[in-house]
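Have a look along with me.

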Amino acid sequence: MLLSGATPIVTRGNAINIHNLQGFVAIIDGKVAGAALCKIRGDDCEIVALYSNIKSRGIGNDLINSVIGMAKYEGCRRVWLITMNDNNHAIRFYQRRGLDLKAAYINAFDVTRKLKEMPLHGDVLALTVFP
């Protein structure tokens, strides 16, 4: 499970301690059903992890909306995230929620793959909302 911290979160070549992140946890029937973790730097809010273990219940949507609401409250000018270009399900999910593809970074996961076990294929896409 994402919140266990067993696998480091790596973004832009840096391993991040999840205990230093802000975020939201979705609880259903007393159990963790999902989480969104983000890092605010200046006026940018990066979603570094989004997890839902119950599909088609709106958990991911509620978590994204919570992060966007918090980012606006904190004065952020954008919310953004990075995902793999071959993660079509995630790309469609984010685009349906207002995030737009802004950049593709070829070979950007080479450093990340050295820090953490990841697939050998796929490149990085950056998506952002309210730029």
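This is a predicted model: local features need pLDDT of at least 70, side-chain atom pairs count only at pLDDT 80 or more; totals for chains, interfaces and linings use all residues.

**Cysteines**

I started with Cys76: its sulfur is 5.1 Å from the closest cysteine sulfur, in Cys45, and that is too far for a bond. A disulfide here needs a pair of cysteine sulfur atoms within 2.5 Å. I then searched the whole structure and found zero disulfides. Cys38 is in none either; the nearest cysteine sulfur to it is that of Cys45, 3.9 Å away.

Are Cys38 and Cys76 buried or exposed? Cys38 is buried at a relative accessible area of 1%, and Cys76 is buried at 7%. For me, buried means under 20% relative accessible area, exposed means over 50%, and partly exposed is in between (1.4 Å probe, protein chains only).

**What I am working from**

Residues are numbered from 1 along each chain as its sequence is written, and side-chain values use heavy atoms, leaving out hydrogens and water.

**The chain as a whole**

I counted three helices and eight strands. They are DSSP runs numbered from the N terminus: helices are H or I with at least four residues, strands are E with at least two. Read from the N terminus, the order is β-β-β-β-β-α-β-α-β-α-β.

Of the 131 residues in the chain, 39% are buried. I noted an accessible surface of about 7600 Å², with 49% of it belonging to carbon and sulfur atoms; the areas come from the Shrake-Rupley method with a 1.4 Å probe, and for residues only the protein chains shown count as cover.

I also looked at contacts, meaning heavy atoms within 4.5 Å. Among those between residues at least 6 apart in sequence, 61% join residues at least 24 apart.

I call two strands paired if DSSP finds at least two bridges between them. β3 and β4 pair in the antiparallel sense over seven bridges, and Ala26 has Gly34 in β4 as its bridge partner. The two strands form a hairpin with two residues between them. In that turn, Asp29 has a positive phi of about 50 degrees, and Asp29 is exposed at 75% relative accessibility.

Next I followed β4 into β5: eight bridges join them, and they run antiparallel. Here Cys38 is partnered with Ile47 in β5. This hairpin also has two residues between its strands, and Gly42 takes a positive phi near 60 degrees.

β5 is mostly covered, with seven of its nine residues buried. Which way do β5 and β6 run relative to each other, parallel or antiparallel? They run parallel, joined by four bridges, and Cys45 stands opposite Val79 in β6.

I looked at one more loop, between β5 and α1, where Ser56 sits. Ser56 has a positive phi of about 60 degrees although it is not a glycine, and its relative accessible area of 82% makes it exposed.

**Cores**

By nonpolar core I mean a set of buried Ala, Val, Leu, Ile, Met, Phe, Trp, Tyr and Cys residues joined through side-chain atoms within 4.5 Å. The largest one has 21 residues, and Cys45, Ile47, Ile59, Ile64, Val67, Val79 and Tyr94 are those with the most contacts inside it. Which element gives the most to this core? α1 does, with seven residues.

Val79 lies in strand β6 (residues 78-84) and is buried, at 0% relative accessible area. From Val79 to Val67 I get 8.2 Å, C-alpha to C-alpha, across 12 residues of sequence. Leaving aside neighbours within four places in sequence, Ile64 is in contact with Ile47, Leu50, Phe93, Tyr94 and Arg97. A second, separate core has six residues, including Ile18, Leu21, Leu37 and Ala49.

**Aromatic rings**

My search of the whole structure gave one aromatic pair. The ring centres of Phe93 and Tyr94 are 5.4 Å apart with the planes at 75 degrees, so the pair is edge-to-face. The cut-offs I used: rings of Phe, Tyr and Trp (its six-membered ring) pair if their centres lie within 6.5 Å; planes under 30 degrees apart are stacked, over 60 edge-to-face, and the rest tilted. Phe93 and Tyr94 are both buried.
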